[in-house]
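Please read them beside the sequence and the structure.

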Amino acid sequence: MQRIIHIFLIISVYLLTLSCTKDHHIVIENFFYSDSVTHQDPHSKNVFDLRSDVRLSMLRSTSDDEREQKIVKNINNFIKDQVSEGFKTTDGDSLVREISHSYVMELLDIARSRYSSSDEESSDLLSGYDDTELYCTFYNNVDSECHFGLGDTIICFTGNTSCYMGGAHPGEESFAYSFSLNDGNIVRPNKLLKKNCKSEMIQRIKQKLIKQNKVKNEEELQGLGFKDIFISPNILLEKDSILFHYKNYTIAPFYLGSIDIKFGYDELSDITTLSTD
């Protein structure tokens, strides 16, 4: 086996030029690391290019305020667990290195054990390829970022993880959360909506979906495959709008991908607790 680990790019901490309010002294730091291994099956000519790119945003407090530092720590821990659980490292630069390298080693184990030409089951896993001479790229990537949202008291965290280890199509997972810098908690629908407004919010989401998909009514929307529509817990409180994010498969078929529904704050001012002042 010929093993080569390429480090394509390392960006160690560059600060976004974003301002905070007078109540918070928080900056957003971005980290990137890319790792790869080339693996040749010793039983054949099959070659696997295995790679992992990890982009990650994390927060840092520039003040000595213990409460603010605790809020930042809690948010960073959530971000870390959302991207990849089980890593104790809290330093952003070390974290992206560890995640990227760990994913590449995982792909290497898969290439060795599941896709070896000596494995009888590999014929199904490699269906559609020439088993005598194969070149295939497997990957496990993370792409996430943070930015300030409503009133600079909200941190919006978005991203997705994607992996391909053979088969019909890649696996994907997306996420979108809003954190309040006042307490570090995620903004949940039950805190966002006024009392007894859940049903009304669902109806407005349906109307947005009808408009976005250019159909006439809810029946035609269901004909596209939409079903069991609910209020997504993946909410972004942007500076000028509220966005509800739906992951693959949650309310629509896979071919439609993830779904984003955006409202202006004025569209929901009568049923939400938000103030844009």
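1. A residue is called buried under 20% relative accessible area, exposed over 50%, and partly exposed in between, with a 1.4 Å probe and protein chains only. By that rule, 48% of the 277 residues of the protein chain count as buried. The model is predicted: local features need pLDDT of at least 70, side-chain atom pairs count only at pLDDT 80 or more, and totals for chains, interfaces and linings use all residues. Residues are numbered from 1 along each chain as its sequence is written, and side-chain values use heavy atoms, with hydrogens and water left out.

2. The secondary structure of the protein chain comes to six helices and nine strands. These are DSSP runs numbered from the N terminus, helices being H or I with at least four residues and strands E with at least two. A contact means heavy atoms within 4.5 Å. Among contacts in the protein chain with a separation of 6 or more, 62% come from residues 24 or more positions apart.

3. Helix α5 covers residues 198–212, which is 15 residues. From its first C-alpha to its last it reaches 21 Å, close to the 21 Å expected at 1.5 Å a residue; the expected span is 1.5 Å times one less than the number of residues. Its buried residues are Met201, Ile202, Arg204, Ile205, Lys206, Lys208, Leu209 and Ile210, and they pack against α6 (218–223), β8 (241–246) and β9 (259–264). After α5 comes Lys214, with a positive phi near 55°.

4. Lys208 also deserves a look for its side chain. Its charged end sits over the ring of Phe263, 5.2 Å from the ring centre. The criterion is NZ of Lys or CZ of Arg within 6 Å of the ring centre and within 35 degrees of the ring normal.

5. Asp49 is found in strand β3 (residues 47–61). Leaving aside residues up to four places away in sequence, Asp49 touches Val37, Thr38, Tyr135, Cys136, Thr137 and Phe138.

6. The structure holds nine aromatic pairs. Rings of Phe, Tyr and Trp (its six-membered ring) pair if their centres lie within 6.5 Å; planes under 30 degrees apart are stacked, over 60 edge-to-face, and the rest tilted. Phe78 and Tyr177 pair edge-to-face, at 5.1 Å centre to centre and 85° between the planes. Phe78 is in helix α1 (residues 66–83) and Tyr177 in strand β6 (residues 171–180), 99 residues apart. Phe78 also pairs edge-to-face with Phe179, at 5.4 Å and 75°. Phe179 lies in strand β6, so this pair ties together parts 101 residues apart in sequence. Phe78 is partly exposed at 24%, whereas Tyr177 at 10% and Phe179 at 1% count as buried. Elsewhere, ring pairs link Phe48, Phe138, Tyr139 and Tyr164 into a cluster.

7. Ile99 is found in helix α2 (residues 92–113). Is Ile99 buried or exposed? Ile99 counts as buried, at 0% relative accessibility. Its contacts, not counting residues up to four places away in sequence, are Val54, Val83, Ser84 and Phe87.
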